[in-house]
Amino acid sequence: MWKWLHPYAKTERAYQLCQRLLPWFTLSGLVLIVVGAIWALAFSPADYQQGDSYRIFHIHVPSAILSKSLYMGMASAAFVGLVWQIKTSFMSMVAFAPVGAAITFISLITGAAWGKPMWGTWWEWDARMTSQLVLLFLFLGVMALYKAFDDKEQGSKAAAVMAIVGIINLPIIHYSVEWWNTLHQGATLLKLEKPSMPVEMLLPFLVSLFGWSFCCVSIVLLRIQNEIISRELKRPWVIALANQQVKNSS
Amino acid sequence: MSGLIALFKRDLSVAFQQRSELMQPILFFVLVVSLFPLGVGPESAILQKMGPGVIWVAAILSSLLGMERLFKDDFQDGSLEQIILSGMSLPAVALIKVLVHWLTSIFPLILLSPLWALFLYLSEPMYWALVWTLLLGTPILSLIGAIAVGLTVGLNKGGVLLALLLLPMFIPVLIFATAAVESASLDLAYNGQLAIIGAMFLFSLALAPFAIAYALRVSQT
């Protein structure tokens, strides 16, 4: 099994793999997002309690789920990179971080926009919101640490250590925040009683969840390619690739 | 072992020779704590309610301030490299460094804590809870902080970056410490919170030295 995986430690092969996967993820992601959005906005029924404003759920929940998956992805890439010293793994870790930060930010913004009509407040120091905010800080920390180094190799190693320290801390932070909130004020507003979702609402949600996931994958793939190209600028295969591009466009 | 003891003695004496730097975290702490009564008004009820949080936030900030120096001098004059090459176990060295840092820049804050209790009108049970949480909790700050300091030691732009990396990591300690003091203010038992802080301390004591050692190796290349 490992023999199959090994060649992708080489940047050229990893680049080609990204190139091959990219159109599939982009296309299916975009189609699913469009289908999911139209379905959710126009055809699925309004919630009997929350009215139409519940529809932001179809962006909010996928982004909240994906933010954690992207952190997991980043930390796993960091772990693989540190243990087996694989360069492409560090590059994909670097590619995960900004996408994760953006998705976390989206989940916070859509949460605030949903919270205003439902709970009457943009922000509440609720456990979930607070731990999401901390997650954003963790993403930003990894990005800032990577950017602070001139030597990309060293920077990505340092950022990888920080990402792993973060993933160990994340559950501790999550549970301590949950504990803190229940200690201070108890769930009053935020006991959002989840009505078990009817199928007409669940299906468009699943479609948009997969759409968002595929789109995130394709953005990450693009960023990995970008990272490979910018770090391997002087390699012959990159130069050949650039020449090919110039020839095609002229 | 004798090498580690020698290192401990050397670091302590170096720290005591730089007395002005030794005073900085303490002065910073006093200033931050005394700004709060000026900012929110001198009513004793408000200050007592906010006191534990204020003291803990100030302790976190002043530990950040002192942390930057943890490996900096040794890194710049090359002695860190010599220590790595000396064959001493690097995690043990890291642990000694963290211990010296805690003794010189955080322990004095705990020694002076009766003063803060007085400033912020803490009751006696609150004061004892505060001392216990500080004793168990601040070593966690030093241990986790040293990882990030080790990673950024080669950079000339520590400050804000260090705060961005570390402040989110310190949230659990802050939450449980202030919760313990709050329980104490209601005359409730606070062993539970102390036990959790103690668990976090032991956990970081077990793992952090290895992460610090790795961080120092990354910075050295």
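The following exercises, with worked solutions, concern a predicted model.

**Exercise 1. Secondary structure of chain A**

Determine how many helices and strands chain A has, and state the order of its elements.

*Solution.* 
Step 1. Chain A has eight helices and zero strands.
Step 2. Read from the N terminus, the elements of chain A follow the order α-α-α-α-α-α-α-α.
Step 3. For the dimensions, the C-alpha atoms of chain A occupy a box of roughly 60 × 40 × 35 Å along the principal axes.

**Exercise 2. The interface of chain B and chain A**

Describe the contact between chain B and chain A in terms of residues, buried area and polar interactions.

*Solution.* 
Step 1. Count the residues, with contact taken as heavy atoms within 4.5 Å: 25 residues of chain B are in contact with 29 residues of chain A.
Step 2. Consider the area: about 2300 Å² is buried between chain B and chain A, and 82% of it lies on carbon and sulfur atoms.
Step 3. Assign the chain B side to elements: α8 (124-152), α9 (159-166), α10 (171-185) and α11 (191-220) of chain B each give two or more residues to the side that touches chain A.
Step 4. Classify that side of chain B: 19 residues are nonpolar, four are polar and two are charged.
Step 5. Examine specific interactions: between chain B and chain A there are zero salt bridges, while two residue pairs are in polar contact across the interface.

**Exercise 3. The second largest pocket**

*Solution.* 
Step 1. The largest share, seven residues, belongs to α3(A).
Step 2. By class, the lining holds 21 nonpolar and seven polar residues, with no charged residues.

Notes. Residues numbered from 1 in each chain as written. Chains lettered and ligands numbered in written order. Predicted model: local features only at pLDDT ≥ 70, side-chain atom pairs only at ≥ 80, totals over all residues. Heavy atoms only, no water. Buried area = accessible area lost by both parts, 1.4 Å probe. Salt bridge = Lys/Arg side-chain N within 4 Å of Asp/Glu carboxyl O. Polar contact = N/O pair within 3.5 Å; in protein donor to acceptor, adjacent residues only side chain to side chain. Helix = DSSP H or I, 4+ residues; strand = E, 2+ residues; numbered from the N terminus. Nonpolar A, V, L, I, M, F, W, Y, C, P; charged D, E, K, R; others polar.
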